[in-house]
Amino acid sequence: LLFGSLQDITEKKHMSDELDRHRLHLEELVEVRTADLHAAEEKFRTVADFTYDWETWIDDAGHWLYCSPSCERITGYRAEEFMARPELYVEITHDDDRASLLEHLNEGERNGVRDIEYRIQHKNGEVRWIEHLCQSVRDAAGHSLGHRVSNRDITERKHADEALREARDQAETANRTKSAFLANMSHEIRTPMNGIIGMANILRREGVSPQQANRLDTIDASAQHLLSVINDVLDLSKIEAGKFTLEEAPLVISSLLANVSSILSERVKAKGLHLLIENGHLPHNLVGDPTRLQQALLNYATNAVKFTETGTVTLRVLPQEETAEEVVVRFEVQDTGIGITPEAMSRLFSAFEQADNSMTRKYGGTGLGLAITQRLADLMGGKVGADSTAGVGSTFWFTVKLKKGAEVAAAPTVTAVDAEAEIRQCYAGQRILVVDDEPINREVTLIQLEVLDLLTDTAEDGAEAVAMASKNRYAAILMDMQMPKLNGVEATQQIRQLPGYQDTPIIAMTANAFAEDKAQCLAAGMNDFLIKPFIPEELFAILLRALSRRVG
């Protein structure tokens with residue numbers, strides 16, 4: 001007997017065929033991926049072999065697939081050494097940079113592109129800086145093919161940056177040294193000048209003969225000339241150091257011209273010259289720095305008077321360009337003086353230069369006025385220039401950009417106040433403390449205050465001032481800034497902590513003329529700032545303002 005069994009295996013055959021198809025597909029994918037990888041690797045190798053940077057390609061398992069020949073130039077090690085020992089890459093990394101590099105590599109694998117700068121040690125022992133870029137590599141389907149690393153030697157750039165930083169630091173140190181020197185020089189010159197000018201004024205007030213009065217005028221004129229020189233040097237230094245700030249205030253050009261004319265009137269009259277003013281039509285709402293504009297114009301005008309023996313000096317102001325927000329204004333000073341030769345014109349606006357630098361020159365000066373005017377014009381967005389014919393005359397000009405502000409009503413006329421008489425009438429018997437370490441300056445200030453019928457005490461330094469303020473009640477304190485033991489700023493801060501001294505007027509009376517000195521004094525709690533050397537009228541006016549404010 002024969003028995004037979006039949007089983008339907010159609011489904012099984014279908015499943016087997018499906019598995020075979022999947023297996024073939026996977027094998028094809030592997031072959032394609034391998035081909036893609038080889039093709040990508042070959043393309044990368046062909047390009048990277050000729051690159052200046054050190055290129056590597058590392059697969060996802062950490063195996064090095066490629067290392068460009070440039071590695072030897074950068075590290076001293078051959079490509080074969082890195083391929084045989086991939087850990088060499090980390091070993092030559094500087095100890096202080098190794099952890100950050102490893103973290104960077106891991107981050108680059110996860111997030112695509114990352115760059116970092118780190119140091120390596122060359123085979124010869126030299127430390128070099130590397131700019132490192134890590135970038136993931138994927139095929140067209142988005143599958144990872146590992147990541148490429150590009151290393152660039154930036155040692156020279158780093159050295160250049162460091163040299164630049166050192167040069168900048170040295171320049172800043174030199175500027176600080178220069179500023180400190182000029183501040184000290186200013187202080188040392190202004191301090192004795194305060195004694196000279198102060199004593200000259202005291203002698204004049206006590207009564208002198210006409211001949212003595214003329215000699216005191218000569219002392220005053222010489223002292224003011226010396227003061228103008230140190231002011232010019234300080235201004236130029238501040239401009240060059242970038243510490244020069246311009247004020248923005250309502251500006252009346254006609255008043256500026258009148259001020260310059262008034263300052264020059266005696267010199268113009270003495271030489272028999274004619275001073276003319278031509279003021280073009282300008283907006284009434286201009287904003288700028290009236291003090292510095294006047295200084296720039298006065299520098300030109302003073303030179304014009306100096307170098308003109310006969311004829312006229314003309315001050316001229318003209319509008320040039322105007323918009324809704326600003327106007328370009330041209331200032332000119334024209335004279336009929338000695339003129340300037342063409343070869344001297346190129347030196348005119350250089351600091352410490354003059355048209356005539358010879359030992360036989362007739363006219364004195366530092367050569368700073370024109371340089372300062374040029375720099376002021378630059379700061380105000382303008383330019384400078386000059387036209388001249390030797391023996392005929394010159395025209396010096398500068399332009400500035402002035403903003404337009406809101407229309408300002410004319411200020412009410414202020415009646416001049418005799419500060420000396422006002423203090424004597426309203427504040428006689430008030431006690432004032434004068435703090436100064438310089439005996440001559442203390443003496444000058446005391447003599448100047450005697451006429452005010454005030455009671456005056458003196459202190460030689462800040463520590464003594466604090467001690468005296470804690471024992472006595474003062475209506476006002478005149479405080480020097482630079483003193484031994486305890487300077488004026490520190491003394492002011494301590495006095496402000498004493499009972500009843502929160503609102504007492506404390507006036508800085510100092511030879512330090514920099515703007516930052518004034519700011520430092522005001523920040524410490526001082527109320528006003530009086531720069532040495534000063535004349536009695538300046539002292540009286542500022543003291544009256546302080547006492548009036550206190551009473552008010």
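Predicted model: local features only at pLDDT ≥ 70, side-chain atom pairs only at ≥ 80, totals over all residues.
## A walk through the chain

Two strands count as paired if DSSP finds at least two bridges between them. Residues are numbered from 1 along each chain as its sequence is written, and side-chain values use heavy atoms, with hydrogens and water left out.

Back to E9. Six bridges tie E7 to E9, and these two strands run parallel. On E9 you also find an antiparallel pairing with E10, over nine bridges. One spot to look for there is Leu318, which sits opposite Arg330 in E10. E9 and E10 make a hairpin, with three residues between them.

Now zoom out for a moment. The chain holds 17 helices and 17 strands. Of its 552 residues, 41% are buried, where buried means under 20% relative accessible area, exposed means over 50%, and partly exposed is in between (1.4 Å probe, protein chains only). If you take contacts (heavy atoms within 4.5 Å) between residues at least 6 apart in sequence, 63% of them join residues at least 24 apart.

Next, helix H8, residues 253–271. This helix has 19 residues and spans 26 Å from first C-alpha to last, close to the 27 Å expected at 1.5 Å a residue; the expected span is 1.5 Å times one less than the number of residues. H8 also bends by about 50° at Leu264, the bend being the angle between axes fitted to the seven residues ending there and the seven starting there. Which residues of H8 are buried? They are Ile253, Leu256, Leu257, Val260, Leu264 and Val268. An α-helix has 3.6 residues a turn, so residues three or four places apart point the same way. What covers the buried residues of H8 includes our strands E7, E9 and E10, along with E8, helix H9 and strand E12. Just after H8 comes Gly272, with a positive phi of about 70°.

Helix H6 (residues 155–206) has 52 residues and reaches 75 Å between its first and last C-alpha, close to the expected 76 Å. Just after H6, Gly207 takes a positive phi of about 105°. Then look at Leu216, which belongs to helix H7 (residues 210–240). With a relative accessible area of 7%, Leu216 is buried. Leaving aside neighbours within four places in sequence, Leu216 is in contact with Ala200, Leu203, Arg204 and Val208. Leu216 and Ala200 are 16 residues apart in sequence, but their C-alphas are 5.9 Å apart in space.

E13 (residues 431–435) pairs with E14 over five bridges, and Ile432 stands opposite Thr456 in E14.

Between H13 and E14 sits Asp453, whose phi is near 60°, a positive value in a residue other than glycine. Asp453 is partly exposed, at 42% relative accessible area. Is Lys485, in turn, buried or exposed? Lys485 is exposed, with a relative accessible area of 74%. Lys485 lies in the loop between E15 and helix H15 (488–495) and has a positive phi of about 65° although it is not a glycine. Finally, find Pro533 in the loop between E17 and helix H17 (536–551): a cis peptide bond joins Lys532 and Pro533, with omega about -5°.

Terms used: Helix = DSSP H or I, 4+ residues; strand = E, 2+ residues; numbered from the N terminus.
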